[in-house]
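Dear colleague,

My notes on it follow directly after.

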Amino acid sequence: MSEYVAPLQQIRFTLEHLAEYADVAALADFAHVTPDIVAAVLEEAARFASAELAPINALGDRVGVAVVGDEVQVPKEFAAVYGRFREGGWPSIASSPEIGGQGLPKTVAVACEEMWNSANMAFALCPELSQGALLAIDRHGDELLRRTYLEKLASGEWTGTMCLTEPQAGSDLAAITTRAVPKGAEFLLTGRKIFITWGDHAMTDNIVHLVLARLPDAPQGTKGISLFAVPKFRLRADGSRGERNDVQPVSVEHKLGIHASPTCVMAFGDHGGAEGHLIGQPNEGLAAMFTMMNYMRLGVGVQGMGVAERSYQRCVTFARERLQGKAPGERGRVAIIRHPDVRRMLLIMRTLTQASRALCYYAAACLDRAAHGTDASVAEVMQARADLLTPVAKAWCTESAQESTSLGIQIHGGMGYVEETGVAQYFRDVRIASIYEGTNGIQAGDLIGRKVLRDGGATVAALVSEMRSVDAPLANAGDVFSGVRAALSRGLDEVVQASTFVLTGEKRDPDLAGASAMNYLMLLGTVIGGWQLARGALAANAALEAGGSVDKAFMQTQLVLARFYAEHILPRAGAYGAALRAGSASLMALTPEQF
Ligand SMILES: Cc1cc2nc3c(=O)[nH]c(=O)nc-3n(C[C@H](O)[C@H](O)[C@H](O)COP(=O)(O)OP(=O)(O)OC[C@H]3O[C@@H](n4cnc5c(N)ncnc54)[C@H](O)[C@@H]3O)c2cc1C
């Protein structure tokens, strides 16, 4: 089996040229993060991913998890590696130094997350959720909660979960019925949550569950939901671990992928009530939970991209070695990497993955600039852009990851369909990324409804105008860029037309937004990918022209990637635009019985 080798050169190139990392590094809050530190962190993260996480990925898939007694048992190798992950300080790289973190930019943390996910998505989910819980407590929790949990979560001494889903409340969180009854300053929770990722394990001393529940007499719907911190073990007054709280993992799901990540049915309060502490204001829990959800949504996009990268690497190794058939101008049997159709598949994988990487890193940089920028107007623009990009990163990158990991199986032929080669695991693992953290359909609805219609298309128009600004450099860079320039320009025209179509047609047809949403999201993601690859080509071209010690093969590859994307992927923009402009008529024409 081939090993995971972090694509560090591609990662550094993306940070520097496509995420505009220099603008992040210039922020005063990151003055301590020197280029040497960033280089050392990326290299050490790459080593940890290859040496520690990748070797237990297939094992986790095979062994899985189980409820034993009143606890979930994960493979012992995972607990050992988690211990070393903590010792290495990895959980806290992006946390504030005030709580023991290293205060690195999110942009750098996202590059590390890519590597964790490429190496072992099931493992990576655990620290990811803990970070999300930390952020929600930091932003919305009171002093007691912050004192109790922040340092423990930052160091990875404890982990965190998000407990939203109930059998009748999946996408529709308004239907949540878990109850929270006041008991002194605390609350007693009763209810059942399903599908809780890393809901239980014994890798750490304690786990904090962030649970959505309803107070007595809470209003119906999403306006009556509150958020609570519920520890697995109760905490004594001095913050130390007390007896077990009334929270139990009832069972773990047998599922398609991420077998080493326990997906738990959790029972809260079967024996009188699970003690919890309110986070933020009563009935405003969903807004507080969105801090964690938005963090996770970008994280899920990174998961997709990371797993797709791993599948791509394995495919390249296989395609170079597997001999089948003949090819024009070659003697004897050739490696399948010679065949144009195999190259088509490899290049789709490579370019979709690179476009996804650029999109995720860029979104992370926008978040850094929004949170740490001193110019309020720039910070506002960056936050709006990050809000717009979050559902696109989550859904477009995970749709692309499904396409890539499916092609990963195809490139392996029959060997892809059997488990031995490992590419089937990537396909199975990544399938969930389009479903959890709000299905991709829900992301598309969020994009159209909250991010495009709500501000009359202003944020997307600003992004389009920024994307158009590469037109002049592409024109100046010579004939070799003319195809990229024309394809990107057509793609941007499609985005403008699609935005206008939805903005002007929404009142006429109440189903138009829902009918257009997914095509709009795919269109926008596809065009952003084209923009980023075009920028990559411009940067590579400049490096080649400057000469010196530049890695010519790497830079020339960036030119080919942009050209391939413009010729083979960007034409999809036209199809998404045309389908979108067909409106809702045929979608809504059949009665439920006619399906
Ligand atoms: C492995 C795994 C891990 C998970 N981890 C967690 C976790 O840690 N914490 C947690 O709380 N939950 C978790 N979940 C739950 C996950 O977030 C939900 O499954 C997901 O949000 C979808 O909800 P649902 O399954 O009820 O599907 P439904 O909401 O029933 O959706 C079914 C289909 O209908 C579509 N649909 C529903 N409503 C709409 C709408 N308004 N507009 C358009 N389309 C719609 C959906 O897109 C989907 O295609 C996990 C699930 C799995 C399988």
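Ser-92 counts as buried because its relative accessibility is 6%, where buried means under 20% relative accessible area, exposed means over 50% and partly exposed lies in between, with a 1.4 Å probe and protein chains only. Ser-92 sits in the loop between helix H5 (76-87) and helix H6 (106-140); helices (H or I, at least four residues) and strands (E, at least two) are DSSP runs, numbered from the N terminus. Leaving aside residues up to four places away in sequence, Ser-92 touches Gly-100, Gly-101, Gln-102, Gly-103 and Ala-154, a contact being heavy atoms within 4.5 Å. From Ser-92 to Leu-104 there are 12 residues in sequence, and 8.9 Å from C-alpha to C-alpha in space.

Before going further, please keep in mind that this is a predicted model, in which local features need pLDDT of at least 70 and side-chain atom pairs count only at pLDDT 80 or more, while totals for chains, interfaces and linings use all residues. Residues are numbered from 1 along each chain as its sequence is written, and side-chain values use heavy atoms, with hydrogens and water left out.

The C-alpha atoms of Arg-535 and Thr-14 are separated by 10.0 Å, although the two residues are 521 apart along the chain.

As for the whole protein, there are 19 helices and 12 strands, and 57% of the 595 residues count as buried. Among contacts with a separation of 6 or more, 76% are between residues 24 or more positions apart. The radius of gyration is 24 Å, which agrees with the value near 25 Å that a compact globule of 595 residues would have; the radius is taken over C-alpha atoms, and the globule rule is 2.2 Å times the number of residues to the power 0.38. Along the principal axes, the C-alpha atoms fill a box of roughly 75 × 60 × 55 Å. The protein exposes about 23,900 Å², and carbon and sulfur atoms supply 54% of that area, computed by the Shrake-Rupley method with a 1.4 Å probe. The mean positions of the 54 positive and 64 negative charges are 5 Å apart, where Lys and Arg count as positive, Asp and Glu count as negative, and His and the chain ends are not counted; each charge is placed at NZ of Lys, CZ of Arg, CG of Asp or CD of Glu.

Strand S4 (residues 179-183) pairs with strand S5 (residues 186-197) in the antiparallel sense over 5 bridges, and Arg-179 stands opposite Thr-190 in S5. The hairpin of S4 and S5 has 2 residues between the strands, and Gly-184 there takes a positive phi near 65°. S5 is also joined by 3 bridges to strand S12 (residues 274-279), with the two running antiparallel, and Leu-188 has Glu-275 in S12 as its bridge partner.

Is S11 covered on one face or on both? Both faces are covered, with Thr-263, Val-265 and Ala-267 on one side and Cys-264, Met-266 and Phe-268 on the other, all of them buried.

Asp-217 has a positive phi near 65° and lies in the loop between strand S6 (206-213) and strand S7 (226-231), where Asp-217 is exposed, with a relative accessible area of 78%. Glu-437 has a positive phi near 65° and is found in the loop between helix H12 (423-431) and helix H13 (440-453), but Glu-437 is buried, with a relative accessible area of 13%.

Best regards

Terms used: Pairing = 2+ DSSP bridges.
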